[in-house]
Amino acid sequence: MTDATNDEGPSYSLWDLVRYATRLGSVGFGGPVALVGYMRRDLVERRRWISEADFKEGLALAQLMPGPLAAQLAIYLGYVHYRIRGATLVGIAFVLPSFLMVVALGMAYSAYGGIAWMQAVFYGVGAAVIGIIAVSAYKLTSRSIGKDRLLWAIYLASAAITVATESEIVWLFLLSGILAWLVKAPPRRGFGQGGLPAIALAAEQLPNASLAAAAIDWPTLAQIALFFGEAGAFVFGSGLAIVPFLYGGVVTGHHWLNDRQFVDAVAVAMITPGPVVITVGFIGYLVSGFAGAATAALATFLPCYLFTIVPAPYFKRHGKRPGIVAFVDGVTAAAIGTITGAVVVLGKRSVTDLPTLILALATVLVLWKFNKLPEPVIVAVAAALGLLLYSSPGS
């Protein structure tokens with residue numbers, strides 16, 4: 001296999017990657033767990049555009065920094081060969097399709113006074129999504145952990161802690177990386193050059209990079225920018241991890257939405273492709289129209305963009321050193337363990353009765369037997385079944 005980062009340069013153009021990110025943002029269902037799996041499958045295994053090492057570095061960085069996991073990983077993969085221009089264009093291409101979708105749903109929601117059918121659709125789609133992310137988690141585990149006993153221990157501990165706490169703990173990633181570093185490549189002369197100090201140096205620059213999210217004059221848009229900028233800059237964990245923070249500010253703090261509207265906003269994020277965090281666009285639209293949607297999305301994703309491109313040069317420059325490789329391996333094992341644990345956590349919320357259990361298991365079996373079947377086909381079938389089953393008398 002040819003390394004995607006060899007001296008001959010990338011085997012793909014920037015626009016190839018932008019087109020891929022646009023497509024993934026348009027049809028990539030399943031939330032961050034599935035999206036990470038798609039990126040690895042498509043870019044590392046099938047197309048060989050990205051090396052395994054670069055993918056692991058990107059996943060480790062995305063787990064260590066606050067903000068949406070899948071968006072940060074996509075931004076980093078854009079940075080690998082095309083630096084800031086690639087990171088910027090890939091990030092926009094990945095987020096824009098789902099943003100436009102949630103704005104359209106926001107318009108329909110505002111015009112017709114709610115989306116009652118959405119709960120029925122989510123009833124089916126939510127169960128199918130659990131099957132999709134379970135398969136993705138299995139593939140990530142089998143292809144990334146290998147036979148290393150230390151990495152398996154980190155992986156299992158991370159999965160168990162995620163299931164027990166129902167949350168992602170950033171210190172767990174850091175400790176896992178440090179443990180793997182000390183065991184697999186212990187420093188002989190202090191930390192050496194390019195070890196953890198490089199990561200620390202990047203981290204020291206990040207607070208200054210997160211202050212650019214909210215220069216808006218109009219008061220309501222300024223409040224939206226400040227609140228969602230804080231959400232993007234300080235909330236760790238992927239996908240639904242940001243939901244409790246959003247609820248505290250949107251419903252109980254600013255009183256922008258009521259409970260029903262907020263639940264509908266989360267449902268919109270789950271039934272649309274792309275990053276789950278794009279629900280901020282729907283919320284912003286309900287608060288202040290298109291300007292509110294654009295402001296909320298920009299304020300949420302700008303910090304995660306900066307948190308990716310600022311430390312990226314240090315990961316690229318020092319990522320091949322034994323200590324950093326071991327650190328990244330440890331963080332990756334913890335990240336995949338957390339993803340696996342998240343399957344259980346999300347499953348408890350989406351698989352609530354016999355029909356949803358059957359649908360989730362059927363999704364796993366179909367993907368196992370027909371591994372090239374497009375996920376949007378499964379999601380469409382699940383949505384139709386949800387409408388049928390949820391509205392039936394016995395549902």
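**Figure 1. The whole chain.** About 17,000 Å² of the chain is accessible surface, and 65% of that belongs to carbon and sulfur atoms. Accessible areas come from the Shrake-Rupley method with a 1.4 Å probe; for residues, only the protein chains shown count as cover. The model is predicted: local features need pLDDT of at least 70, side-chain atom pairs count only at pLDDT 80 or more, and totals for chains, interfaces and linings use all residues. Residues are numbered from 1 along each chain as its sequence is written, and side-chain values use heavy atoms, with hydrogens and water left out. Of the 395 residues, 56% count as buried. Buried means under 20% relative accessible area, exposed over 50%, and partly exposed in between (1.4 Å probe, protein chains only). Take the contacts between residues at least 6 apart in sequence: 76% of them join residues at least 24 apart. A contact means heavy atoms within 4.5 Å.

**Figure 2. Helix α3 against helix α14.** Two packed helices are described by the angle between their axes and the distance between the axes. Here α3 spans residues 52-64 and α14 spans residues 322-350. Their axes come within 9 Å and cross at roughly 65 degrees. That makes α3 roughly perpendicular to α14. Axes are lines fitted to C-alpha atoms, for helices over the stretch in contact, with angles from 0 to 180 degrees between N-to-C directions. Roughly perpendicular covers 65 to 115 degrees. The crossing is left-handed: the near helix is turned anticlockwise from the far one by less than a right angle. From α3, the contact includes Lys56, Glu57 and Leu59. From α14, Phe327, Val328 and Asp329 are among the contact residues. By class, the contact has 8 nonpolar, 2 polar and 3 charged residues. Nonpolar are Ala, Val, Leu, Ile, Met, Phe, Trp, Tyr, Cys and Pro; charged are Asp, Glu, Lys and Arg; the others, Gly among them, are polar.

**Figure 3. Thr295 in helix α12.** Helix α12 covers residues 279-309. Thr295 counts as buried because its relative accessibility is 12%. Leaving aside residues up to four places away in sequence, Thr295 touches Leu221, Ile224 and Ala225.

**Figure 4. Tyr247 in helix α10.** This helix runs over residues 243-253. Tyr247 has a relative accessible area of 32%, so Tyr247 is partly exposed. Thr252, Asp259 and Phe262 touch Tyr247, not counting residues up to four places away in sequence. Asp259 lies 12 residues from Tyr247 along the chain, and their C-alpha atoms are separated by 8.5 Å.

Note on methods:
Helix = DSSP H or I, 4+ residues; strand = E, 2+ residues; numbered from the N terminus. Parallel < 35°, antiparallel > 145°, perpendicular 65-115°, else oblique.
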